[in-house]
Amino acid sequence: MAVLSLPLSFTNSFWSQDYRRGIEILFEKLEQGVAENDEIVHFIRARANAEGQLAATLTNPGLTGPPGAGFGADDGASLLMAFRGLQAESAAQGQAHKNISKELDTLVADPFDEWAQGYKERLRQNKTTVIDNWLRSYEHAQGEVTKLKNQYLTKTRRADEAEDDAKFAPNGGSTDKYTNSPRLRPVDGRRTPPQRTASVSERIAMRLKEIQKRSSDALAQATSTQDPNQEEEVEEEAESAAKVDKGKGKAIESQTLASPLPMSPLQPPKELPGPPALPAPILLAGLSFTPAAVSRLLTRAAAEINLRPVRFPLLGEYKDCFNGEELVAWLNENVDGFGGSLDRAEDAARDLTEREDLLRRIGEFGNQFEHSDDAFYQFRPKAFTLDGETAETNGLLQPTNKALQPETLIKRTGTLVNFVSKALNASANGEPTYVKARHDAEEADRAYRIAVRKLDRQRLGLEERLEETLKVLQRWETERLRAVKTVLLQFQGTLANLPKSLEPSIERSATLIAAYQPESDLTALIERYRTGPFRPHSQVYESVTHDEPDVLFGIDLRKWAESSWDMLSTGEETRGTVPPVVTALLSAMDQAYGRLPDDAERRKSWIYEVPLPAVHHLRETLNGLPLEQPIPLEVFEKYDAPVIASAVKLWVLELNPPLALYEGWDDFRKLYPTVGSSAGQAKDGEEREQHLRDLGTALQKLPRVHLYVLDTLIKHLKSLIENTTAEEANEVYVTKLALSVGRTIIRPKVESELSIQDRHPTLLFIDLVNNYDAIIPPTITRKKRESERKFP
């Protein structure tokens, strides 16, 4: 039996899972054809130049001897006439060579060179449009969807953590309408009269006055010669005077609002210089660094990271800030010991912030590190002097009173900054943090869902444009190859005008040119460099709350079946053993058969190659229907039978994994001989029965829902073959049908040069159709008996 294969074309041979690899390979070979055009033009022009030089030599021969000697001294003897005749004949031959040179340039090389330059420009523009515009835009959209997915997962995790914190956090004395915490009784058991507490603005003003007073006092103490004890007495007098109320003149106790203790750890006390000792190593995410190495690393980070001022409301502006996400990305790229792991880079940043206290958190309580783009940090000054090399020099240049340093004032006011930042970060409507976090998570979920749908629609448009581009490129390559043959024929025809002495060479050239066939070269190109048949990779929304998909195409049948089993186990009505879209499509095919003129057209509807835009239109129409409602058959009335049949094949082709599973590729491959053996010979007797039993055993490994869908599809096609008649034999039609549908049922995980040439998908489909009653129903019965279990 002849080898089973589809007609080779660009549209079924240069697809890849990422779309880029197959297109780049094709353009690489087409650009090789452009180089071939240039070489052909160069070859023809070189031959024309050679003919021109020969013509110039023959038409203008040099002197055969000095004047007055030899034939120049002859008075007209017959030998002179013969010699002059030979010279004239040589000049005539030179004119013939000159005519050939001119024809090669003007009639052969120039037109082909002009056409080749236009072809080169068209190919360059098409490559720029496809790779730099379409594919890059799609890949950029994929990257954006990945970012949105990561943001969605991160914000969902934060919302869950915030809700857990709100559930188990102790009561802070304030209540809200979202959570309820038990009220704690006072420890002393006594109640004091209600007193008005200071508002946020009052506490800010009091705290700022206190900071200003302390700063001025510290400056006065540093510049004066008074005894510090005397200042303390003055302060005590001022405090005692402040206790008298101006209204009633009664002495009252001052109610000072103490700020919370600073969350940043205190600086260690200075120690007297002792004998030099080796500095203790610093561990960052399990890697040991010397203090000098850490200082050099942070100095380099401060120079390369985009440091910028960050402004907080009512708090002012902080200079030289950066966020946690930037630091983690920088550490991941510049520290080879982390091995490209973001988790280790995040642990190292956390060690630098929380344990080594080399980074300062801005606008938040405490000094915790957070891998986020809204958590800002500053480098502490000591981060750059861990090696101790500049400690002495810095000590000479620094003022003696370190209480006046800006860093000290910032540390002292850190509590106020954190407090005000927390107060301002609260939402305007009084919502708690976990409610806001949940709202953010829902917004991220909505943005991710919309982005996935947009990406899938962009993928469909990309596939349609790529299909049209592949058709155009195949037409262009065919035209180029035919143009090459035309110019070679013109070249050979021009040289055929040379004298008979060139006839053997011309005949040999004609033989070589006649042996060249453009169609054979096109087939050889496809067979050598093809990357695989059309296999779309559907973009499906993945939710963290449920596994059930929100579309009809590109689903996982096992997850669909599990969701149906969940409804069955909870007491709800099951949805059946086959997805409703399959039943609806096959029912629509039954109706579409009635609109066709004869049985031959009914059979051909399954083997027609339908353009992708029409199939994608029906796919998007079905995907837009509500999942919980049945699919009305009126939807299919405006579509022809070939479009509906192609939609069935596209639905099966987009299943992930396929009906026969990726593991079944090798299992079924073992059941069929290789190409060249008795692949098509009929089996009889025990050999045929054993082959059918092996097929049933391999099919029994598939999930039950896969068997049900396969049974529904094969049963429909078998019924079509039995109920229709045509001039074409059933065996030939089944072979064509297998070539069209076989690859949708079983396909490998990754296409390779060997898998493209495998024929067992076609042979498997032929066996399933011809031996349906002996294979599929008994296998389903055994699968049911195998999976039946009594529930406890």
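A charge sits over a ring if NZ of Lys or CZ of Arg is within 6 Å of the ring centre and within 35 degrees of the ring normal. Keep that in mind for the first stop. The model on your screen is a predicted one.

**Stop 1: a charge over a ring**

Select Arg122 and Trp476. The charged end of Arg122 lies over the Trp476 ring, at 5.3 Å from the ring's centre.

**Stop 2**

Now for the aromatic pairs, of which the structure holds 13. Pick out Trp115 and Tyr119, a stacked pair with 5.4 Å from centre to centre and 10° between the planes. Both residues belong to helix 2, which covers residues 78-168. They are 4 residues apart there, about one turn of the helix.

Trp115, in turn, is partly exposed, with a relative accessible area of 26%.

**Stop 3: a tilted pair and its neighbour**

Next, select Tyr448 and Tyr541. Their ring centres are 5.5 Å apart and their planes stand at 50°, so this pair counts as tilted. Tyr448 is in helix 11 (residues 433-495), while Tyr541 is in the loop between helix 13 (518-529) and helix 14 (557-569), so the pair ties together parts that are 93 residues apart in sequence.

Both partners count as buried: Tyr448 has 3% relative accessibility, and Tyr541 has 7%.

The charged end of Arg449 sits over the Tyr541 ring, 4.2 Å from its centre.

**Stop 4: an aromatic cluster**

Select Trp15, Tyr19, Tyr138 and Phe534 together. These four residues form one aromatic cluster.

**Stop 5: two helices packed together**

Two packed helices are described by the angle between their axes and the distance between the axes. To see an example, show helix 11 again, this time with helix 17 (residues 612-623). How do these two helices pack? Their axes are 9 Å apart, at an angle of about 165°. Angles over 145 degrees count as roughly antiparallel, so helix 11 is roughly antiparallel to helix 17. The crossing of this pair is right-handed.

To finish, display the side chains where the two helices meet. On the helix 11 side, select Asp456, Arg457, Arg459, Leu460, Glu463, Glu464 and Glu467. Their partners in helix 17 are Leu612, Pro613, His616, Arg619 and Glu620.

Terms used
Residues numbered from 1 in each chain as written. Predicted model: local features only at pLDDT ≥ 70, side-chain atom pairs only at ≥ 80, totals over all residues. Heavy atoms only, no water. Phe/Tyr/Trp six-rings, centres within 6.5 Å; stacked < 30°, edge-to-face > 60°. Buried < 20%, exposed > 50% of the residue type's maximum accessible area, 1.4 Å probe, protein only. Axes fitted to C-alpha atoms, helices over the stretch in contact; angles between N-to-C directions. Parallel < 35°, antiparallel > 145°, perpendicular 65-115°, else oblique. Left-handed = near helix turned anticlockwise from the far one by under 90°. Contact = heavy atoms within 4.5 Å.
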